Amino acid sequence: MRCRLDTPPYYAVPVFPGAHNTHGGITVDMKAQVLDTAGQPIPGLYAAGDVADVKLFGAEALTAAYVYGKIAAESIIEYLN
Ligand SMILES: Cc1cc2nc3c(=O)[nH]c(=O)nc-3n(C[C@H](O)[C@H](O)[C@H](O)COP(=O)(O)OP(=O)(O)OC[C@H]3O[C@@H](n4cnc5c(N)ncnc54)[C@H](O)[C@@H]3O)c2cc1C
């Protein structure tokens, strides 16, 4: 649908490009442990959210962040205990 812009007042806002989420990132396992280049967990290091490659393409980015954030928190508690 086309709209005519011929009636003032006019308003403008600055718009900047931004990334909605990332596709890739730090490799983690199912416990949110960061993996080294040999695929082995690095003790005590966890990642979640946009920095983590959780292989949930097609899922909502926020869902991946929430789910892996919770998993990472549980894994950290387990590690500290
Ligand atoms: C415009 C827009 C729309 C989106 N819409 C959707 C949507 O509809 N559905 C969806 O699933 N996803 C959406 N996303 C993606 C979603 O918002 C992100 O995937 C999600 O917020 C990532 O969560 P995060 O915790 O990894 O990172 P972030 O939410 O970016 O949180 C990182 C936090 O770390 C803080 N921080 C940064 N550096 C430091 C530092 N040095 N010290 C302390 N704190 C620091 C930042 O201030 C920020 O609060 C959208 C993203 C954008 C930009």
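1. Start with the charged pair Glu-78 and Lys-31: their side chains meet in a salt bridge, 2.9 Å from N to O. (A salt bridge here is a side-chain nitrogen of Lys or Arg within 4 Å of a carboxyl oxygen of Asp or Glu.) The two partners sit in distant parts of the chain, 47 residues apart: Glu-78 is in helix α1, and Lys-31 is in the loop between β1 (26-27) and β2 (33-35). Glu-78 has a relative accessible area of 51%, so it is exposed, while Lys-31, at 36%, counts as partly exposed. For those labels, buried means under 20% relative accessible area, exposed over 50%, and partly exposed in between, using a 1.4 Å probe and protein chains only.

2. A quick word on what you're looking at. This is a predicted model, where local features need pLDDT of at least 70 and side-chain atom pairs count only at pLDDT 80 or more, while totals for chains, interfaces and linings use all residues. Residues are numbered from 1 along each chain as its sequence is written, and side-chain values use heavy atoms, with hydrogens and water left out.

3. Now the overall layout. The protein has one helix and four strands, and along the sequence they come in the order β-β-β-β-α. (Both are DSSP runs numbered from the N terminus: helices are H or I with at least four residues, strands are E with at least two.) Of the 81 residues, 20% are buried. The protein exposes about 6,700 Å², and 63% of that comes from carbon and sulfur atoms. Accessible areas come from the Shrake-Rupley method with a 1.4 Å probe; for residues, only the protein chains shown count as cover.

4. How many salt bridges does a search of the whole structure find? The search finds three. Besides the one we began with, Lys-70 pairs with Glu-74, their closest N and O atoms being 2.5 Å apart. Lys-70 and Glu-74 are four residues apart in helix α1, so about one helical turn separates them. Lys-70 is exposed at 53%, and Glu-74 is partly exposed at 42%. Then there's Arg-4 with Asp-6, where the closest N and O atoms are 3.0 Å apart. Arg-4 is exposed, at 71% relative accessibility, and Asp-6 is partly exposed, at 44%.

5. Next, the inside. In soluble globular proteins, nonpolar side chains tend to be buried together. The largest nonpolar core here has ten residues, including Val-28, Ala-32, Tyr-46, Ala-64, Tyr-68 and Ala-72. (A nonpolar core is a set of buried Ala, Val, Leu, Ile, Met, Phe, Trp, Tyr and Cys residues joined through side-chain atoms within 4.5 Å.) Which residues does Ala-32 touch, not counting residues up to four places away in sequence? They are Leu-45, Tyr-46, Ala-47, Tyr-68, Ile-71 and Ala-72. Contact means heavy atoms within 4.5 Å.

6. The structure has one aromatic pair, and the rings of Tyr-46 and Tyr-79 form it: their centres are 6.4 Å apart and their planes lie at 65°, so the pair is edge-to-face. Tyr-46 is in strand β3 (residues 41-46) and Tyr-79 is in helix α1, so the pair ties together parts that are 33 residues apart in sequence. Tyr-46 is buried, at 17% relative accessibility, whereas Tyr-79 is partly exposed, at 47%. The rule covers rings of Phe, Tyr and Trp (its six-membered ring) with centres within 6.5 Å; planes under 30 degrees apart count as stacked, over 60 as edge-to-face and the rest as tilted.

7. Asp-29 is in the loop between β1 and β2, and its C-alpha atom is 8.9 Å from that of Gly-39, ten residues away along the chain. Leaving aside neighbours within four places in sequence, Asp-29 is in contact with Leu-35, Pro-41 and Tyr-68. Asp-50 is in the loop between β3 and β4 (52-53). Asp-50 and Gly-24 are 26 residues apart in sequence, and 8.6 Å separates their C-alpha atoms.

8. Leu-62, Tyr-66 and Val-67 make a nonpolar surface patch of about 330 Å². Val-67 lies in helix α1 (residues 61-80) and is partly exposed, at 40% relative accessibility. Patches are made of residues with over 30% relative accessible area and no salt bridge; like charges are joined within 9 Å, and nonpolar side chains (Val, Leu, Ile, Met, Phe, Trp, Tyr) within 5 Å.
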